[in-house]
Amino acid sequence: MVPRVALVVCDSWGVGDAPDAEAYGDEDADTLRNTSRAVGGFRAPNLEALGLGHLTKIEGVRPRADAGAAYGRATERSAGNDTTTGHWEMMGILLERPFPLYPNGFPADIIQPFERAIGRKILGNVPASGTEIIAELGDEHVRTGRPIVYTSGDSVFQIACHRSVVPLPTLYEWCRVARRLLHGEHAVGRVIARPFDGEAGAFVRTPERRDFSLPPPGPTVLDALIDAGIPVHAVGKIRDIFSGQGITEGRYSDSNDHGVQLTLEYLRRPPPSFVFANLVDFDSKYGHRNDAAGYAAAVEAFDERLPEIVEALHGGVLFITGDHGCDPTTPSTDHTRERTPLLAAGLPEGPHEIGTRESFGDLGHTIAALLGVEVKDDRVIGVPFADRIGFGE
C-alpha cells in the first residue's frame, strides 16, 4: 500500500493507433506525434525520463526511461471519444452506446422548452468552435441578452453568455434547466457554461466554465475508495465530470499551471489520499483551435513542473494519462479516437513496461490496488497492473 496516488489527466493527450480509429474517421490522428512534427520537436526531458518516447514517435523525445518510471498505453473500450466517456472508463464504467450528437443542432422539442423556461429566445443552435461563435454572435447577444447555444463533435449542450449581460449565477441556473431537459434519447454527456468577456471584436472566454454532467450510471472506483475511507480530491473539472459522485472535495482550476498548483496543495495533505486532476488547456485552448504551437508549448510547460509533482509524492505514485485525443494538425477541431499514454513515477526499481492495456479501467483498478482497496463490484471494469510496476501480485 502506498500513502497517496495522484492521477493527472492531460486532457486530449493521444498517442494514435486506436484499433477502431477508422470508424471515427481518425486513422491518421496521433496527437503528440503529429504536434511534435508540426513544431520541429518537443523539449520534454522529464516526460522523456518517464518513457513517453516509447509510446509513439515524438520528435525531440528519445525512447528511454529512468528507474522509478513506467510507461505503456491504454485502449478505450467504450463507444465515443469524449471527456466524460474517457474519465468514466478510467474509473470503471463501460459505455456500450455513445452519448447523442447533434450535427444539425438541437431539435425543437429541446430548444422550445428551454426558451420557455429561461424566458427568452436563443441564438445559434449549431455545431461551432466556441471562440468563433462568440466572435460571430457576441454582438447580437450583448444587444439582445439572448444566450448563445451551440454544440460540437462532442455530446455537449453549451451556453455562452457575456458576464456583464448574464450574471454567472443565472448562466449556471440556465445550465441546470438544460440539464433537466436533456434526458432519455437526448441525454447529452455534458451541459457546459461558457462565460466570456471583452468588447466587440475582442471577446474572450473566461475561466468560470462549469460542466453539468450526467451522474455516472453505476458505481466507480471512486466510490470504492470513499467507502474504504480514502479521501478523493478533485482538481479542475473532475468533480463536474462525475457529478460529485465519489468526490470528497474539489476545486476548479483557471489554467494548467493553476491545476498543477492545486494538485500540489492536495498532495501535501496527510495520507492516505487520491488526487485526481484534469489539465484542460491542452484540449480547450490548443487542440480544439488547431494550435499546434500552443499545444507544444503547453506540453513543455507541464514538463517543467513535473519534478514538483514527483517531489510532493513523498512515497506515493503519480500516473499521467489522457482521456482521448484532439490532434491539432487535422482539419477537424473535434476530439480524435486514439490510445492514450500511461506514464508513472515514484515506483520501486524499474523502469517498468506496462504494455498496451485493453481498457482505460485498468488504471482505476491499479490505483485502488496501490491504495489497498479491493473493488468488489463486478460492474466496475478493469484489470489491475500493479504487478507490472513493481508492487507484486
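Me: Which residues does L7 touch, apart from its neighbours within four places in sequence?
Reply: In this predicted model, L7 is in contact with M90, M91, F274, V275, F276, A277, F319, T321, L363 and I367.

Me: And what is L7 part of?
Reply: L7 belongs to the largest nonpolar core, which has 45 residues. L7 is among the residues with the most contacts inside that core, together with M91, L225, F274, F276, F319 and I367.

Me: Which residues does the second core include?
Reply: The second core is separate and has 41 residues, including V8, L32, L47 and A65.

Me: Where is L47, then?
Reply: L47 is located in helix 2, which covers residues 45-50. Its relative accessible area is 0%, so L47 is buried, given that buried means under 20%. Leaving aside neighbours within four places in sequence, the contacts of L47 are W13, L52, V299, F302, D303, L306, I320 and L343. The C-alpha atoms of L47 and V61 are separated by 8.1 Å, and these two residues are 14 residues apart along the chain.

Me: How many bridges join strand 9 and strand 11?
Reply: Strand 9 and strand 11 (residues 273-279) pair over four bridges, in the parallel sense. Opposite F276 in strand 11 stands A234.

Me: What about K237: buried or exposed?
Reply: K237 has 7% relative accessibility and therefore counts as buried. This lysine lies in the loop between strand 9 (232-235) and helix 8 (238-241). Not counting residues up to four places away in sequence, K237 touches D11, T83, R190, R209, D211, N278 and V280.

Me: And P103, buried or exposed?
Reply: P103 is exposed, because its relative accessible area is 59% and exposed means over 50%. P103 lies in the loop between helix 3 and helix 4. From P103 to F274 the distance is 38 Å in space, C-alpha to C-alpha, and 171 residues in sequence.

Me: How do helix 4 and helix 6 pack?
Reply: Helix 4 (residues 108-118) and helix 6 (residues 168-181) pack at an angle of about 145°, and their axes are 10 Å apart. Their crossing is right-handed. On the helix 4 side, the residues are I110, P113, F114, A117 and I118, which meet W174, V177, A178 and L181 in helix 6. The residues of this contact divide into nine nonpolar, no polar and no charged.

Me: Last topic: which residue other than glycine has a positive phi near 50°?
Reply: That is H314, in the loop between helix 11 (292-312) and strand 12. H314 counts as exposed, at 57% relative accessibility. N125 also has a positive phi, of about 60°, although it is not a glycine. N125 lies in strand 3 (residues 123-127) and counts as buried at 17% relative accessibility.

Terms used: Residues numbered from 1 in each chain as written. Predicted model: local features only at pLDDT ≥ 70, side-chain atom pairs only at ≥ 80, totals over all residues. Heavy atoms only, no water. Core = buried A, V, L, I, M, F, W, Y, C linked by side-chain atoms within 4.5 Å. Buried < 20%, exposed > 50% of the residue type's maximum accessible area, 1.4 Å probe, protein only. Contact = heavy atoms within 4.5 Å. Helix = DSSP H or I, 4+ residues; strand = E, 2+ residues; numbered from the N terminus. Axes fitted to C-alpha atoms, helices over the stretch in contact; angles between N-to-C directions. Left-handed = near helix turned anticlockwise from the far one by under 90°. Nonpolar A, V, L, I, M, F, W, Y, C, P; charged D, E, K, R; others polar. Pairing = 2+ DSSP bridges.
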